[in-house]
Amino acid sequence: MSKPVNQKALLLIVPMFVCVAFSAIMPLMTVVNYSVQDIISPTQHVFVGTEWFRMILNDPDLQDALVRQLVFSLCVLLIEIPLGVALALAMPAAGWRASATLVVVAMPLLIPWNVVGTVWQIFGRSDIGLGGYVLTQLGIDYNYTAHTRDAWLTVLVMDVWHWTPLVALLAYAGLRAIPDAFYQAAEIDGASRFAVFRYIELPKMRGVLMIAVLLRFMDSFMIYTEPFVLTGGGPGNATTFLSQYLTQKAVGQFDLGPAAAFSLIYFLIILLFCFILYNWMQRLGQGDGHA
Amino acid sequence: MACIEFRDLGHAYRPNPATAGDYALQPMSMDWADGGAYALLGPSGCGKTTLLNIVSGLVTPSHGRVLFDGRDVTALGARERNIAQVFQFPVIYDTMTVFDNLAFPLRNRGLADAEIRNRVHEVAEMLELSNELKRRAANLAADAKQKISLGRGLVRKDVAAILFDEPLTVIDPHLKWALRRQLKKIHQQLKLTLIYVTHDQVEALTFADEVVVMTDGRVVQQGTPEALFMRPDHAFVGYFIGSPGMNLCPLSLAGEAATLGGQPLALPEPMLRALREAGDEIRLGLRPEFVRLAAAGEAGAVRARVVQAQPLGNSLLLSASVDGQLVRARLAPETRIGGDEVWLRLVAPETLYFSNDVRIAG
Amino acid sequence: MRKSRVLPRAITLTLYVLFTLLPLYWMLAMSLRTNEETLGAFSFLPMAPTLDNYRVIFTDPSWYWGYLNSISYVLINTVLSVLVALPAAYAFSRYRFLGDKHLFFWLLTNRMTPPAVFLLPFFQLYSSIGLMDTYWAVALAHMVFNVPLAVWILEGFMSGVSREIDETAYIDGYSFPAFFIRIFLPLIKAGVGVTAFFCFMFSWVELLLARTLTSVNAKPIAAVMTRTVSAAGMDWGVLAAAGVLTLVPGALVIWFVRHYIAKGFAMGRV
């Protein structure tokens, strides 16, 4: 079953490589270049070595943002993955009802991210928004622009609303790929509903769930547009996630050097976590033979 | 173990079937004995998988009843019927070891660990899987996976029947034979009722005590491999079984004697009378194995033009045209065909006659 | 399916669909109201539905050009991404070659770069080659995160196709391009559909890069929305109407690929 070695296959990679490298490598090199220099003006650069990196790593604001970011991404994964899988299990398997459900469920995915922010900005306002209005009427003192907790929860609920469909869509596709014979065999073997989920559905969804987990982790870790529109990072810094902090640095204060150093660290953090998640899920798939 | 009976059993996927074509399985009654090995044989779409699914309880028939040992199980699901099934493509629990796969049905039924271990080792021994027990099932080859599927059925003591749905489809040809032999051995050892669905006649004829031949949703014959070969009840059986299948030549009874193509064919007088009574669409059937070369003008023989003579090692396969009707003959390998015209004897003790595809005499 | 399982499924699904639709309904309702009504007394249904907000969008070129611009670069991006990803995914799924694992990993890392960081370098790069404010700039920039995903998904689909098919085709005398287009592509049609859907989706919804790399001629609809909002105070009705209209292309695309998703894919090898 092992694949044959064929160096000519590299030729097939070339078009893809050129297209991606064009937009990926040059900017990356620019960023690396910035990260070790002090850019005083467009024509005046001073080499500063690792100074920016040291500064960034000791910046308490950044550490706060990092913690907020990690908590947020963790919450996102813990809510969206199980919810998406549950949703996929509940969706009809075939017929017009399946089509209709697919389209409705996928809808939030296809809305431009700032519009997602706008939708929730409107929806959550207690004066003109349905959600905020209802909560207020229920006697809950809800105000996402003033209360830290409300802002944070609103961003989280918005992300769940926005991205659970991605998990659901992938999980749904994974479920539909399971041949009927597996369910029939499980029925004959006397398996419980939970056993069917645990030993058939979950293992067969491993591939698509891996994509879902990694995509959700990367994208939630880099979330920017939606909270920016919804809360602008406030109140205080409650919803200032890493991306926003970075943008404030790079664009707002025009500290290009530190911003570049910051983004490299940022990138490495994502890489590290993706690596851990990937290996963990790989092992999860193979290691439970004695379960 | 159980004997299985079908009473007026039929199935239509649409409600209120009116014509025969509306049935995926046309109503029929049939008995299968306890401990027998049965094969359901027919081309794809003939209804054999529907019948299998009715036996396993995955499909509830729209008409009639299914009895296991006299007990009506028509409305019961697969679980309550205690059957086991091996599917076309290996169904295994990917994340489990071979041991856990085999133990799964027993664990679901709440058996004690010690007993599970005993049963699993016993079955693994029988299937020659003992050395693989600790391996992950997902990493095994297709034939080992099919053995695991089978093993999950065998571990249960209460299994009424084991069903096979074209289980050798994904197995390498050189392993098929070994696996089939192992199946036969297990059958003899355990005296299980086995039901085997296939479209491959060699598989069906070598595996089963009795073969059920199906076409167009209809059971056309149930019988031993020998009966199917020698005395097919239906022209389809004659044509489908055997390689090449039975020669089937339309006869005309319009004139004084019977004619095949343009040539008169001398039939025994009582047979001719029986055929005239049977009515229309009369066909003569004779397996290529029983066609012999004859002298010119011999009784019961016709003149044919040689199309092809193919040496097959242990026989010579002659294809000849009798006034446009192709007739095949399996002759002794040393036979010499002189010229491009031969006489073939078609009226023999083994000759059968069909009216509207149903065997009427012979 | 047992009866006892139908009810919880139906409840889960109904609740979730409500959760999805309520905010969208609210936006739709708002797009049908005048601003006075929006800011006035609260009501669940629009009191006097009006299409005025939509009229604004369809008659103002800066609005409807926003849509056309977005659709243009999204289509370019989708087609290009799938085109370059197809051969690459084939190579990854069929062969081992020098640095294959590293290349695949490098590819995926491109999805992990925070776009916020790259705004300025991107801006400089595209300015220097004169691509600024063109569809190509946005389409190329979006390829950085779409191509890795496209290769990843397509590779999953291709690995599900038996290699014997390739070998049989070569024995039958097909050249690689003929085999790829006439035999292989039809086999992974569903994969191409799903990949195109994801490329379309991620390109359609992205704002940061699209806004940075355009100013007038290629300005995306999402960016037009932010500008108009800040300039004209809060024109809630038009904002909501524009938001509703951004849903349409996406809904069409998902409608086209629904069968491919419903048919299922497992991405077994990942």
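This briefing describes how three chains meet and how one of them is built. The structure is a predicted model, in which local features need pLDDT of at least 70 and side-chain atom pairs count only at pLDDT 80 or more, while totals for chains, interfaces and linings use all residues. Residues are numbered from 1 along each chain as its sequence is written, and chains are lettered from A and ligands numbered from 1 in the order in which they are written.

**Pairs of chains**
- Two residues are in contact if their C-beta atoms, placed from the backbone, lie within 7 Å.
- There are 2 pairs of chains in contact, and chains A and C share the most contacts.
- Chain B and chain C have no contact between them, and their closest C-alpha atoms are 11 Å apart.

**Where chain A touches chain B**
- Here 19 residues of chain A are in contact with 21 residues of chain B.
- On the side of chain A that touches chain B, α8 (180–188) and α9 (193–204) of chain A each supply at least two residues.
- The largest share of that side, 6 residues, comes from α8(A).
- That side of chain A comprises 10 nonpolar residues (Ala, Val, Leu, Ile, Met, Phe, Trp, Tyr, Cys and Pro), 3 charged residues (Asp, Glu, Lys and Arg) and 6 polar residues (the others, Gly among them).

**The build of chain C**
- Of the contacts in chain C with a separation of 6 or more, 82% are between residues 24 or more positions apart.

Technical notes. Helices (H or I, at least four residues) and strands (E, at least two) are DSSP runs, numbered from the N terminus.
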